[in-house]
Amino acid sequence: MSVRVRFAPSPTGPLHLGGVRTALYNYLFAKKNKGVFILRIEDTDQNRYVPGAEQYIIDALHWCGLDFEEGPGINGAYAPYRQSERKAMYRKYADQLIESGNAYYAFDTPQEIEAMRERLKTKENPAPQYDHVTRSAMKNSLTLSKEGTERLVAEGKYVLRAKMPGVGDITFQDLIREEVSFPAHALDDKVLFKSDGMPTYHLANVVDDYLMKITHVIRGEEWLSSTPLHVLLYKFFGWENVMPQFAHLPLILRPDGNGKLSKRDGDRLGFPVFPLNWKSPDTGEESKGFRERGFLPDAFVNMLALLGWNPGTEQEIFSMDELIAAFSIERIGKSGSKFDFEKAKWFNQQYLHKKSAQELAALLQPVLKQNGIERENAFVEQVCDKLRDRVTFVEDFLTAGIYFFKRPESYDEKTIAKRWNPESKTVFEKLMSELAALQDFSSAAVDKFVHDFVAENNLGLGDVLPVFRVLLSGVTQGPAVFDIAALLGKEETMERMKLGVEKLG
RNA sequence: GGCUCGUUCGUCUAGGGGUUAGGACAUCUCCCUUUCACGGAGGAAACACGAGUUCGAUUCUCGUACGGGCUACCA
């Protein structure tokens, strides 16, 4: 049987790191096994629907290179792929459960359920459930007469609840955790069908996975404890033989302290938790994405893949194809991983370093344009080449190399205080006049010229180099001064020296 | 509270009954460079705790602690 997996997010907001990783692992597993990767939108809760969230999810997957073969906008043999559009399909299965006695009608109002919880609440049991014990004291088709039930059903105000067995253990195999077992007495009678006519996640999910012939359910660990219900549902429907295999992924945790990574953590610690920028339609609040923060999609995906999975070798840099080849569910860890932004930066740096000057220039040009800088590509490529080993993000080329595009407006004070003395002006004027005669202005030529000048004038390199650098760039760090001079060209180099020497007096 | 999953350097992790417990990020030192990086060399740094099994447990078992998840007509 060919592998079919789905990523099934709820469009309640932007995808976060954990969601993208779940999608990635599904994608890798599908590709590894020559299977199909499906996107299914689980929008059964109208109240939590957020406009734009679905498009965001699709955009984010696309940016990461996680292209789905079936899903909204693409469709395929099992369309539609939005649960809201599949609404009519679920009723039949709900009725089937009623008929087989595995589900029942319940008519309790929220207030009545709350009253039950209040009444039964004890110190030992602060949150009594609607379950195999309490249902006998509630308003449902199990306690009401046939006529009473029919009358209330006719009124249309009801939900369908799963009739959980109450005894025995529900045991299933998890690809990551091996055998997992839950005592049935602790499971509650979950609502399967809501009074608004929509199924809940549990019903829709199982029915759709069945109808779409899903073979492996790879999802977050937050679903582990509702899996016994899902397993039971497969049994109730008589679908045990086609029940998918489960793999529950450990969560991505916040970098400091404990708990699940949240948007707040990102804001507080200064890093994104979403792949792309997101603007909340409610509050108008904007959240920065990894893309906008300067991450390359390949680096982002690579980083995410290694957060909870490892190849068992010491290789850390993987292209998507390499990830597909190396991936296996068996090598996914069991425990949650704390997200480390420093390591994420390292991945981006590694990818930037690997890129050619042409590729880097193509990435940098738009950034330059945004900042009102127009330069020919040949020059930008050379700047990228010189700066490549000193940057983590594309934007760094501009911030760290601004002097390639603009004359310095100030000079590093420390250097001036330490290196600019009364004789400096004379020395630099002499240097400039001799430099004016230099025909070859290549880096190597300027290098040789300056060294000769220092030797002939009985100076130390320290008397010339630091100031020379600061006159050209304003700052103390950067590529070799001679490279900067050569790139700037003779004319600009001379001009900057002249302006600087005048300014410093 | 109940149910459940988990626990190797600060972080991501490898390993697995007998290892100098390996790598990467971060950190520190040195080299390269009269800059900053990159790169190279080296350092510091971990098996949560207690029993049991065993000739021997970090590895197996059971407890404990700690942490996560779930405990909605949310997913």
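1. A crossing of two helices is left-handed if the near helix is turned anticlockwise from the far one by less than a right angle, and right-handed if clockwise. The crossing of α17 and α21 is left-handed. Helices (H or I, at least four residues) and strands (E, at least two) are DSSP runs, numbered from the N terminus.

2. The model is predicted: local features need pLDDT of at least 70, side-chain atom pairs count only at pLDDT 80 or more, and totals for chains, interfaces and linings use all residues. Residues are numbered from 1 along each chain as its sequence is written, while chains are lettered from A and ligands numbered from 1 in the order in which they are written.

3. Helix α17 (residues 424–435) packs with helix α21 (residues 490–504) at an angle of about 160 degrees, and their axes are 11 Å apart. That makes α17 roughly antiparallel to α21. Angles over 145 degrees count as roughly antiparallel, under 35 as roughly parallel, 65 to 115 as roughly perpendicular and the rest as oblique. Axes are lines fitted to C-alpha atoms, for helices over the stretch in contact, and angles run from 0 to 180 degrees between N-to-C directions.

4. From α17, Lys425, Phe428, Glu429, Met432 and Leu435 meet Met494, Met497, Lys498 and Val501 of α21. The residues of this contact divide into six nonpolar, no polar and three charged. Two residues are in contact if their C-beta atoms, placed from the backbone, lie within 7 Å. Ala, Val, Leu, Ile, Met, Phe, Trp, Tyr, Cys and Pro count as nonpolar, Asp, Glu, Lys and Arg as charged, and the others, Gly among them, as polar.

5. The loop between α1 and β2 holds Lys34. Lys34 has a positive phi of about 55 degrees although it is not a glycine. Lys34 counts as exposed because it has 8 C-beta neighbours inside 10 Å. The cut-offs, for other C-beta atoms within 10 Å, are 20 or more for buried, 12 or fewer for exposed, and in between for partly exposed, with C-beta atoms placed from the backbone.

6. Gly35 is also in the loop between α1 (17–32) and β2 (36–39). With 19 C-beta neighbours inside 10 Å, Gly35 is partly exposed. Not counting residues up to four places away in sequence, Gly35 touches Ser2, Val3, Arg4, Val5 and Ala30.

7. Asn458, in the loop between α18 (443–456) and α19 (461–473), has a positive phi of about 60 degrees. Asn458 is exposed, with 7 other C-beta atoms within 10 Å.
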